[in-house]
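Open your viewer and switch to a cartoon view. Keep the selection tool ready, and follow the stops below.

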Amino acid sequence: MKEITEQQVKLEKILNKLGYQTMQNIGFYPYVADIFIYDLCLAIEVDGGLHKEGSRDKKRDKYLLEQYGVKTIRIKNELIDNFTDKELKEYVKNCLQDFRK
């Protein structure tokens with residue numbers, strides 16, 4: 001099991017305040033989604049320093065969509081660290097508006 005980061009915890013609290021039920025570290029073999037919102041069929045990846053290149057992430061995101069129908073968005077650690085809770089809440093609302101049913 002992957003360790004949950006402080007950025008994931010902060011983001012999950014914001015998502016819960018917005019009314020989303022979330023799950024952490026959900027397996028989609030052979031990958032694990034940091035945060036998953038079942039109602040939106042959406043994985044949220046909290047990206048740290050390991051995600052600078054991107055080609056591996058694109059391959060993974062494509063696989064999740066094709067094999068499981070799971071869409072993926074990515075939010076950088078730095079953004080979560082530097083935004084206030086209010087700013088992060090607004091940012092997340094904007095990111096998720098296209099995924100709401």
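**Stop 1: strand β3.** Select residues 42–47. This is strand β3, and 6 of its 6 residues are buried, so the strand is largely enclosed by the rest of the structure. Keep in mind that you are looking at a predicted model.

Now show the side chains. Which residues point which way? Leu 42, Ile 44 and Val 46 point one way from β3. Ala 43, Glu 45 and Asp 47 point the other way. All of them are buried. In a regular strand the side chains alternate between the two faces of the sheet.

Stop 2: Find Ile 37, which stands opposite Leu 42 in β3.

**Stop 3: the hairpin turn.** Go back to β2 and β3. They form a hairpin with 4 residues between them. Select Cys 41, in the loop between β2 and β3. Its phi is near 50°, a positive value in a residue other than glycine. Most residues other than glycine have a negative phi, and most peptide bonds are trans. Is Cys 41 buried, partly exposed or exposed? At 23% relative accessibility, Cys 41 counts as partly exposed.

Stay in this loop and select Tyr 38, which lies there too. Tyr 38 has 61% relative accessibility, so it counts as exposed; the cut-off is over 50%. What does Tyr 38 touch, leaving aside residues up to four places away in sequence? It touches Gln 21 and Met 23. Now set a distance label between the C-alpha atoms of Tyr 38 and Thr 22. They are 16 residues apart in sequence and 7.1 Å apart in space.

Stop 4: Select residues 23–28 for β1. Click on Asn 25, which is found in this strand. Its phi is near 50°, a positive value in a residue other than glycine. Asn 25 has 9% relative accessibility, so it counts as buried; the cut-off is under 20%.

Move on to Pro 30, in the loop between β1 and β2. Look at the peptide bond from Tyr 29 to Pro 30. It is cis, with omega near 5°.

**Stop 5: the whole protein.** Clear the selection and zoom out. How many helices and strands does the protein have? There are 4 helices and 4 strands. Trace the chain along its sequence, and the pattern reads α-β-β-β-α-β-α-α. The radius of gyration is 13 Å, close to the 13 Å that the globule rule gives for 101 residues, so the protein is as compact as a globular protein of that length. The C-alpha trace spans about 35 × 30 × 25 Å along its principal axes.

Color by burial next. Of the 101 residues, 40% count as buried. Then show the surface. The accessible surface comes to about 6700 Å², and 51% of it belongs to carbon and sulfur atoms.

Finish with the charges. The protein has 18 positive and 17 negative charges, and their mean positions are 3 Å apart.

Conventions
Residues are numbered from 1 along each chain as its sequence is written. This is a predicted model: local features need pLDDT of at least 70, side-chain atom pairs count only at pLDDT 80 or more; totals for chains, interfaces and linings use all residues. Side-chain values use heavy atoms; hydrogens and water are left out. Helices (H or I, at least four residues) and strands (E, at least two) are DSSP runs, numbered from the N terminus. The radius of gyration is taken over C-alpha atoms; the globule rule is 2.2 Å times the number of residues to the power 0.38. Buried means under 20% relative accessible area, exposed over 50%, partly exposed in between (1.4 Å probe, protein chains only). Accessible areas come from the Shrake-Rupley method with a 1.4 Å probe; for residues, only the protein chains shown count as cover. Lys and Arg count as positive and Asp and Glu as negative; His and the chain ends are not counted. The place of a charge is taken as NZ of Lys, CZ of Arg, CG of Asp or CD of Glu. Two strands pair if DSSP finds at least two bridges between them. Contact means heavy atoms within 4.5 Å.
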